[in-house]
Amino acid sequence: MASFRKALKSRQRNHHERSQPGFREHLGLLEKKKDYKLRADDYHKKQNTLAALRKKALYKNPDEFYYRMLSSKLQDGVHVSKRNEEVVVTEEQKKVMRTQDIKYVEMKRVAEAKKIERMKGELHLLDAESKQKNKHTFFVDSKVKVESFDLANHLDTAPELVDRVFNRPTLKTLETKSIRGAVEPHSMMKLAKQRNHQYNILSQRIDRESKLFVISQKIQSRKDLQDKNNKVKVKKETSRIAAIYKFDTKRKR
């Protein structure tokens with residue numbers, strides 16, 4: 001079957017495109033269908049664009065107003081801005097602008113620091129995971145007492161409460177007073193989840209406050225660089241610290 005198709009293919013004549021007649025050669029190459037298709041598509045695209053613009057102009061609101069109209073004008077059918085002159089900012093103005101930036105960043109940093117202090121006062125950082133574990137050393141008289149030392153008995157509390165850093169009542173308190181607050185496992189898990197969420201918020205605020213401090217330091221260093229005093233870079237700028245420069249001493253008048 002394949003050999004039969006090959007034989008039929010060999011008998012076919014080569015397809016030749018009709019060329020431009022001799023008396024029309026001065027008009028250029030004869031346009032083929034693919035050329036006409038490209039020209040027709042381009043023509044219809046332009047006609048559709050013109051129709052859309054006519055429709056937009058027909059439904060335009062004559063009372064339409066934009067504030068950009070105040071600072072632009074129509075010139076040769078094109079909107080051109082009226083303010084062509086460049087805005088020149090002096091060095092003194094730049095210093096004032098950087099000072100304002102520093103004040104804003106510092107204000108945000110101080111506000112963040114106050115929120116951090118307030119949250120630390122509420123949470124006390126008693127069981128935070130990032131907090132360094134404290135050590136409590138007990139002294140006894142002999143090695144025999146060391147071997148028989150009972151931490152729960154020494155602290156006068158239940159063995160289940162020894163690992164607690166906070167809210168560790170004594171046995172007398174447990175016998176004389178009723179338990180207040182959540183005691184069910186579900187409620188305890190819920191409170192622990194809320195406490196961990198508060199710790200996460202606190203860590204995020206601490207990180208944000210440190211980033212704001214770095215930003216203020218970088219703005220201040222850029223402001224100091226505008227002075228004309230000779231300076232030498234001591235340490236490069238990184239994502240955590242601002243660049244450190246050493247300036248020549250200059251006596252102020």
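Student: Hi! Before we start, what does "buried" mean here?
Tutor: Hi! A residue counts as buried when its relative accessible area is under 20%. One thing to keep in mind is that this is a predicted model.

Student: Which residues make up the largest nonpolar core?
Tutor: That core has five residues: Ile-116, Met-119, Leu-123, Tyr-199 and Leu-202. Two elements, α3 (91-123) and α7 (185-224), each give two or more residues to this core. The largest share, three residues, comes from α3.

Student: And what does Leu-123 touch?
Tutor: Leaving out residues up to four places away in sequence, Leu-123 touches Gln-198, Tyr-199 and Leu-202.

Student: New topic! How many helices and strands does the chain have?
Tutor: There are seven helices and four strands. Along the sequence they follow the pattern α-α-β-β-α-α-α-α-α-β-β.

Student: How many aromatic pairs are there?
Tutor: The count is one aromatic pair. Phe-65 and Tyr-67 have ring centres 5.4 Å apart and planes at 70 degrees, so they are edge-to-face.

Student: Why edge-to-face?
Tutor: Because planes over 60 degrees apart count as edge-to-face, and the planes of Phe-65 and Tyr-67 are at 70 degrees.

Student: Is Tyr-67 buried or exposed?
Tutor: Tyr-67 is exposed, at 69% relative accessible area. Its partner Phe-65 counts as partly exposed, with 46% relative accessibility.

Conventions:
Residues numbered from 1 in each chain as written. Predicted model: local features only at pLDDT ≥ 70, side-chain atom pairs only at ≥ 80, totals over all residues. Heavy atoms only, no water. Phe/Tyr/Trp six-rings, centres within 6.5 Å; stacked < 30°, edge-to-face > 60°. Buried < 20%, exposed > 50% of the residue type's maximum accessible area, 1.4 Å probe, protein only. Core = buried A, V, L, I, M, F, W, Y, C linked by side-chain atoms within 4.5 Å. Contact = heavy atoms within 4.5 Å.
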